[in-house]
Amino acid sequence: MDIFERIEKNAGGPIGMYQKFSHGYFSFPKLEGEIGPRMKFRGKEVLNWSLNNYLGLANHPEVREADAKGAAEFGMAAPMGARMMSGQTKYHEELERQLAEFVGKEDAFLLNYGYQGMLSIIDCLLSRNDAVVYDAEAHACIIDGLRLHTGKRFVYAHNDMESFHKQLDHASKVVAETKGGILVITEGVFGMKGDLGKLDEIVKFKKDYNFRLLVDDAHGFGTMGPGGKGTAAHFGVTDQVDVLFNTFAKSMAGIGAFVSSHKYIIDYLRYNMRSQTYAKSLPMPMVMGAFKRLELIKKHPEYQEKLWTITNALQKGFRDRGFDIGGTLSPVTPVYMKGDIPEATNLVVDLRENHNLFCSMVVYPVIPKGELILRIIPTAAHTLEDVEYTLNCFDSIRGKLLAGEYKKPMPNMADK
């Protein structure tokens, strides 16, 4: 079969199969205007709960000024080339030093993108003789990194320490024969459910098993722990997390990421991470902007405090009104409901068109059929009035869902 013929018959794959109904509305929606709680969607203002702008830094005046100055001074091209060849600067090195100090590690290495970075970290750390033990609900970047691994992989049930113990035991038997090592991978904050990886319990197994721990803390940096230092700091186990990954795409409201660890590990990554060795260095405006973002996180703990004021009010409000938000212990707030895909789409259309409220919808194949999640991301830029309005909106849509009012054909909202 011709490759293109197969793609044409596949109708967009498991996620893109509904694109003729959803493009530009449910998928690839265009939010316009200044980044914040209120933006424009299809020409009208909506209350927006869909951005990971946790600390509200995206449009902070000092951040905007730093970004503009960085672009004016250096342009978007500098530095030219990969870090190893011609893209190294004193600014990149200093930012790495400050980031490592902030999260409590010896050294750090800047990465161009989070997804690409995590994938490459895994590929770089492992040999074919090594085994990996990882959480079943690990992010796609972790799964794709593991696809590059030619050794054994063992997945444990999400946050289930009995299952983890069993898989760790299996991995230990394998590496006893291959003479390899074990890498455990989990997340600090799981971005879909909002629950925390059980870092405090995982590290206890180190006394009986020989393994290293890699933690993806994309959603924990800036939101969790004292001063926003992350989920490892929240649990007090930073020194026992061997490799820590953080992204700028969430609390830092920017582009890029970094990995931190012992200096000898970071030195190894610097010289062996293919995604960085063969990629252009992180542009100077992003680097200069990251300095300002990090400075604001350090100087203004009230941003994190405001985030948690909004988070606590929102989550308490949902629970008090009988909504199921699972076991979230982070700002990520999933609201679980029952309904098929047409019901989910009609519900979201109602939210956006009649309540002017925008949030992300998650349905099959990301989660099981018959279930839907409306994921709410609170930020420090939201208000308690936003929270109250949203809770009232959710009361309304839940009543309609239970009454069967959304049981009608899936609306075609594509590019209208």
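An open sheet of 3 strands, in the order S11-S14-S13, is formed with antiparallel pairing; strands, of at least two residues (E), and helices, of at least four (H or I), are DSSP runs numbered from the N terminus, and two strands pair if DSSP finds at least two bridges between them. The edges are taken by strand S11 (333–338) and strand S13 (360–362), each with a single partner strand, so one side of each has no neighbour in the sheet. Neighbouring strands of this sheet are turned by 25° against each other on average, direction ignored. The structure is a predicted model, in which local features need pLDDT of at least 70 and side-chain atom pairs count only at pLDDT 80 or more, while totals for chains, interfaces and linings use all residues. Residues are numbered from 1 along each chain as its sequence is written, and side-chain values use heavy atoms, with hydrogens and water left out.

Between S13 and strand S14 (residues 371–376) there are 3 bridges in the antiparallel sense, and Val 362 has Ile 373 of S14 as its bridge partner. Helix H15 (residues 341–354) packs on the sheet and touches S11, S13 and S14, contact meaning heavy atoms within 4.5 Å. The direction of H15 makes about 30° with that of S14; axes are lines fitted to C-alpha atoms, for helices over the stretch in contact, and angles run from 0 to 180 degrees between N-to-C directions. Helix H16 (residues 384–402) also packs on the sheet, touching S11 and S14, with its direction at about 20° to that of S11.

Strand S1 (residues 31–32) and S2 run antiparallel and are joined by 2 bridges, with Lys 40 in S2 as the bridge partner of Glu 32. The hairpin of S1 and S2 has 5 residues between the strands, and Gly 33 takes a positive phi near 100° there. S2 pairs with strand S3 (residues 44–48) in the antiparallel sense over 4 bridges, and Lys 40 has Glu 45 of S3 as its bridge partner. In the hairpin of S2 and S3, 2 residues lie between the strands. Arg 42, in the loop between S2 and S3, has phi near 55°, a positive value in a residue other than glycine. Buried means under 20% relative accessible area, exposed over 50%, and partly exposed in between (1.4 Å probe, protein chains only). Arg 42 counts as partly exposed because its relative accessibility is 31%.

The largest nonpolar core has 53 residues, and Val 133, Phe 164, Leu 168, Val 184 and Phe 211 have the most contacts inside it. Such a core is a set of buried Ala, Val, Leu, Ile, Met, Phe, Trp, Tyr and Cys residues joined through side-chain atoms within 4.5 Å. Helix H13 (residues 284–299) supplies the largest share of this core, 6 residues. Apart from it lies another core, of 35 residues, among them Phe 26, Phe 358, Val 387 and Leu 391. Not counting residues up to four places away in sequence, Val 184 touches Val 133, Phe 164, Leu 168, Ile 202, Phe 211, Arg 212, Leu 213 and Leu 214.

Val 203 lies in the loop between helix H9 (199–202) and strand S8 (212–216) and is buried, with a relative accessible area of 5%. Val 203 and Val 237 are 34 residues apart in sequence and 7.8 Å apart in space, C-alpha to C-alpha. Residues up to four places away in sequence aside, Val 203 touches Leu 213, Val 237 and Gln 240.

Asp 107 is in strand S4 (residues 107–111) and counts as buried at 12% relative accessibility. Its side chain makes a polar contact of 3.0 Å with the side chain of Arg 270; a polar contact is a pair of N or O atoms within 3.5 Å, where within protein one must be able to donate a hydrogen and the other to accept it, and residues adjacent in sequence count only if both atoms are side-chain atoms. Arg 270 is also among the contacts of Thr 277, a residue of helix H12 (residues 274–277) that counts as buried at 15% relative accessibility.

A cis peptide bond, with omega about -10°, joins Ala 78 and Pro 79.
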